[in-house]
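I opened the notebook today to look up a few side-chain contacts and some backbone angles. Here is the entry I started from.

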Amino acid sequence: MTRLFVAGHSDSGTAFLPEGVLPWPERTRAWVEAGTGEPCELREVRFAAMGSRAVDYLVGAVEKAEPDIVILPLTGFVIAVGTVAESVRARFGPRAARLFLASEARFQGHTREGRLRRSANRAARKAARRVLGTRPLSTVEQTTAIFEEIMDRLARRESTQVVVVRDVRFSKEVQEREPRVHERFDRMEARLLAVAARHHFVVADLEGAISRAPDRDVFYQDDGVHTTAAFHDVYLQLMQEAVGQALATRA
């Protein structure tokens with residue numbers, strides 16, 4: 001049996017996909033199973049590189065799963081994009097933030113389809129940012145240090161291959177809203193790719209794959225952050241290359 005472990009986030013699940021469309025982790029599992037002719041077990045946890053317990057949480061989950069391959073996206077959302085929910089948390093507390101997030105998810109579900117509904121979605125999001133403000137979840141220094149320690153500790157696991165994903169940049173809409181979004185992202189990535197090279201990890205360049213498309217807008221929902229089924233198609237192709245390389249190294 002091959003065991004896959006994914007440090008997932010909102011773009012690795014089904015929350016923003018049409019009904020019946022599988023996300024890239026599950027499709028990667030099926031591809032490995034078909035290619036190896038043996039069962040493939042997928043363990044996915046939701047992970048954000050922020051907070052004092054982040055390293056122990058993720059490394060502990062890996063140790064419990066004992067995977068053959070770990071897929072670790074270098075996600076920059078927590079440092080790059082200010083969110084209304086985090087502004088609500090800072091101003092009104094955790095309970096208010098949870099209520100806001102639940103309300104936002106319901107609203108997203110009701111306004112995902114149809115031109116008029118999507119227009120209402122964009123207008124409501126702009127109003128929320130204007131009234132409640134936004135705030136990043138973490139700093140570049142804090143999040144980079146978390147990822148670096150995780151990578152160092154994963155490198156000590158001789159039986160585990162690690163695939164590091166150079167994560168995708170954000171949409172033009174987000175860039176206009178957050179002028180420094182990619183400057184923060186680039187600072188973090190420069191340090192972490194050097195760590196990946198030092199440990200001889202497989203590096204999957206998701207940004208490079210996405211940037212080759214003629215129109216990046218097809219990969220984003222109307223919020224400019226969460227992704228579409230087309231994004232998961234590209235991610236799967238990238239995982240076939242990177243995980244295939246990790247499997248060959250393992251063999």
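I began with Arg169, which is buried, at a relative accessible area of 7%. I am working from a predicted model here.

Next I asked: which residue forms a salt bridge with Arg169? I found Glu189, with the closest N and O atoms 3.0 Å apart. Glu189 sits in helix α9 and Arg169 in the loop between β4 (161-166) and α8 (172-177), so the pair ties together parts 20 residues apart in sequence. I looked up Glu189 too, and at 6% relative accessibility this residue counts as buried.

I stayed with helix α9 for another pair. Glu183 and Arg187 are both in this helix, four residues apart, about one turn. Their side chains meet in a salt bridge at 2.8 Å, N to O. Glu183 is partly exposed at 35%, and Arg187 is partly exposed at 35%.

I then noted a network: salt bridges with shared partners join Arg166, Arg169, Asp186, Glu189 and Asp205.

For the whole structure I noted 16 salt bridges. One of them joins Glu41 and Arg3 at 3.7 Å, N to O. Glu41 belongs to strand β2 (residues 40-46) and Arg3 to strand β1 (residues 2-8), so this pair ties together parts 38 residues apart in sequence.

Glu66 has a phi near 50°, positive although the residue is not glycine. I located Glu66 in the loop between α2 (54-65) and β3 (69-73), and its relative accessible area of 55% makes it exposed. His200 also has a positive phi, about 60°. I placed His200 in the loop between α9 (181-198) and β5 (202-205), exposed at 70%.

Notes. Residues numbered from 1 in each chain as written. Predicted model: local features only at pLDDT ≥ 70, side-chain atom pairs only at ≥ 80, totals over all residues. Heavy atoms only, no water. Helix = DSSP H or I, 4+ residues; strand = E, 2+ residues; numbered from the N terminus. Buried < 20%, exposed > 50% of the residue type's maximum accessible area, 1.4 Å probe, protein only. Salt bridge = Lys/Arg side-chain N within 4 Å of Asp/Glu carboxyl O.
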